[in-house]
Amino acid sequence: MPHSRKIRVLIVDDSAVVRQVLSAELSKARDIEVVGAAIDPYIARDKIVALTPDVVTLDLEMPRMDGLTFLAKLMKYHPLPVVVVSSLTPAGSETALEALELGAVDVMCKPGSAYSVRDVSAVLADKIRAAAMSRYRRGATPVPPAPVPSSPVGAAKSLANPTAASRVAFVTPVGLKQTSHKIVAIGASTGGTQAIKDVLMGLPPDVAGTVMVLHMPEHFTATYAQRLNETCPMEVREAKHGDIVMPGLALLAPGNKHMVLTRSGARYYVELRDGPAVHHQRPSVDVLFHSVARHAGVNAVGAILTGMGADGAAGLLAMKTAGGVTVAQDEQTCVVFGMPHEAIELGAADTVLPINHIAPYILNALAEKAKIA
């Protein structure tokens, strides 16, 4: 989409109030133009052809045809970036996950649920910008596993994007000494539901304790963690305050709560906190990564995956400076090459890899660190 013109948006929702609110809020953004609205998928179909929008916002509960059915047809016959705007109750979150699997770029809550009307302008506008520049898909495609290289250094040399500078995999340890307790930290945003799943599916059931942030609203994170737990080798769950981080367990930060790693003796655990959003996000990847750098130091491996914005870049650099191993997802496999790009530009990534090579890289980094401990 050319950057010289505004992002053209079509709003699809059966509520006149919601259509009016979203139109009014989005019109405040100088780079976004609401070109039309539709009360149901049938009207939306005609308006998509007539108005050629760049992005569609879509409610999932509508008359005549439900949002999931419409989304599946849209992705098959006229694929466009779609942002789901729905009431993300626990039941609605399950439906929203299905929408992402069908090819929607992102999801968010309607005004009056997790977000107030005041919040809508910034949150939805950012998601629309990300959708407009995304490499959207017609549905989730399984990623083939990568061969496991003999060492992290070998991985960096053989698997890194050849156009990116491959930084040597290890930094001189700073702060904490090597211990047998390792931590894996992962951060993602737009496109992250599939990217995180791809990474976890490539890790063994006894992988080092894993902490993760995905920019998603309340309720959604619990449903997403439950889905991961059903398909991934390790146990996955939404984090609770005080949860111990242990091998074979991956903890996902709950929506609307920052998550930090802390330590008591040899034991790692997580704390959940309120506080202001960081990079307009709560949970924030930066908040998690900075805490991992502080408390795990040389014993950590960090990965920053697809997403819009700069959240996580400074935290990944802190992890690298503290002696951790760091990796960023490459542009070709990102839905939005924002967060990884910012981390790479900052010099925070030891190497840059396609999504299906990140799990083998993490495993080899952990194996190398185990030899030193």
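**Entry 1: the aromatic pair**

I started at Tyr224, which is buried, with a relative accessible area of 3%. The model is a predicted one, and I keep that in mind throughout. Next I looked up Phe220, which is also buried, with a relative accessible area of 0%. How are the two rings arranged, stacked or edge-to-face? I noted that a pair of aromatic rings is described by the distance of the centres and the angle of the planes. Phe220 and Tyr224 are stacked, at 6.2 Å centre to centre and 25° between the planes. The angle counts as stacked because it falls under 30 degrees. Both residues sit in helix 8 (residues 220-231), four residues apart, so about one helical turn separates them.

**Entry 2: helix 2**

I moved to helix 2 (residues 41-51) and asked which residues are buried there. I found Pro41, Ala44 and Ile48.

What do the buried residues of helix 2 pack against? I listed strand 1 (7-12), strand 2 (32-38), strand 3 (55-58) and helix 3 (67-77).

Then I checked the two ends. At the start of helix 2, Asp40 brings a side-chain oxygen to within 2.9 Å of the backbone nitrogen of Tyr42. Just after the helix, Thr52 has a positive phi of about 45°.

**Entry 3: nonpolar cores**

I looked up the largest nonpolar core and got 59 residues. Ile196, Leu200 and Leu305 have the most contacts inside it. Which helix gives the largest share of this core? Helix 12 (residues 355-372) does, with seven residues.

I followed up Leu200. Leaving out residues up to four places away in sequence, Leu200 touches Ile186, Met212, Leu228, Cys232, Pro233, Met234 and Val236. Another core lies apart from the largest one and has 33 residues. Its members include Ala239, Val245, Val292 and Met319.

Strand 9 and strand 12 (residues 267-273) run antiparallel and are joined by two bridges.

In what order do the strands of this sheet lie? I read 9-12-11, an open sheet of three strands with antiparallel pairing. Strand 9 (244-245) and strand 11 (258-264) are the edge strands, each pairing on one side only.

Conventions:
Residues are numbered from 1 along each chain as its sequence is written. This is a predicted model: local features need pLDDT of at least 70, side-chain atom pairs count only at pLDDT 80 or more; totals for chains, interfaces and linings use all residues. Side-chain values use heavy atoms; hydrogens and water are left out. Buried means under 20% relative accessible area, exposed over 50%, partly exposed in between (1.4 Å probe, protein chains only). Contact means heavy atoms within 4.5 Å. A polar contact is a pair of N or O atoms within 3.5 Å; within protein, one must be able to donate a hydrogen and the other to accept it, and residues adjacent in sequence count only if both atoms are side-chain atoms. A nonpolar core is a set of buried Ala, Val, Leu, Ile, Met, Phe, Trp, Tyr and Cys residues joined through side-chain atoms within 4.5 Å. Rings of Phe, Tyr and Trp (its six-membered ring) pair if their centres lie within 6.5 Å; planes under 30 degrees apart count as stacked, over 60 as edge-to-face and the rest as tilted. Two strands pair if DSSP finds at least two bridges between them.
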